[in-house]
Amino acid sequence: MEGVLLKWTNYWSGWQTRWFVLHDGVLSYYRSAEEVNQGCKGSMKVSAIEITVSNVDNTRMDLSIPGEKHIFLKAPSSQERQLWLVALGSSKACLTEGRRKESVPETSPETLKSKKSELRLYCDLLMQQVHMVKTAASKESGPDIEKITEGSNLLAATCDTFIKTLEDCMQLSSIAIASHEKAHQIGINNISKPTIPVMRMNSTEKKA
């Protein structure tokens, strides 16, 4: 996916248009579409980013790599923000799925927390998209087929991403629970096995 997004630069320049490209799990941005061949101004690996949406501005979304990078973005419209969120979420879910097949996923509390945050994001998106479809279907002038189709496609993509992320959460939780139970069992076993002192004879006892 590619298109124009507004990026916050600084208090002097404010919001500036940038051309963003999402490809092969990397989100890159350029000054304009014409400058794509001149190299990107910055990029972020989708697998590492955390996505935050504004409850006040329905065009706003913030992307961050904890402890490294943070960019503030605005889409031209709420619909386009939804498209970007679905695209980013789908890319992130696919990358996670690939890593899950290759190896055991990381099970740190922060990883699970991040996944739960993503679930809340996709849940909010689903509610917005359902509302959009219902509104388009119940117009007084008749159903808006174009809007219904657009909303349905978004809804399907978001559902897929939501389910994949939910599966990740369930897997991470299962691994964490199994690890906790194993550690607990080891602790019980250590307690239930008393240490038997080894008695040694001194030199006097040996002579006797």
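Q: In strand 2, which residue is the bridge partner of N10?
A: This model is predicted. Strand 1 covers residues 2-10 and strand 2 covers residues 14-23. The two strands run antiparallel. In strand 2, N10 has as its bridge partner G14.

Q: How many residues lie between strand 1 and strand 2 in their hairpin?
A: Eight bridges join strand 1 to strand 2. Together these strands form a hairpin. The number of residues between them is three.

Q: Which residue in strand 7 does K7 stand opposite?
A: Strand 1 also pairs with strand 7, residues 69-74. That pairing is antiparallel and has two bridges. In strand 7, K7 stands opposite L73.

Q: Are the rings of W8 and Y11 stacked or edge-to-face?
A: The structure holds three aromatic pairs. In the pair of W8 and Y11, the ring centres are 5.3 Å apart and the planes stand at 80°. Planes over 60 degrees apart count as edge-to-face. The angle of 80° therefore makes the pair of W8 and Y11 edge-to-face.

Q: Which residue forms one aromatic cluster with W8 and Y11?
A: The rings of W8 and Y11 form an edge-to-face pair. Both residues belong to one aromatic cluster. The cluster also takes in W15.

Technical notes:
Residues are numbered from 1 along each chain as its sequence is written. This is a predicted model: local features need pLDDT of at least 70, side-chain atom pairs count only at pLDDT 80 or more; totals for chains, interfaces and linings use all residues. Side-chain values use heavy atoms; hydrogens and water are left out. Two strands pair if DSSP finds at least two bridges between them. Helices (H or I, at least four residues) and strands (E, at least two) are DSSP runs, numbered from the N terminus. Rings of Phe, Tyr and Trp (its six-membered ring) pair if their centres lie within 6.5 Å; planes under 30 degrees apart count as stacked, over 60 as edge-to-face and the rest as tilted.
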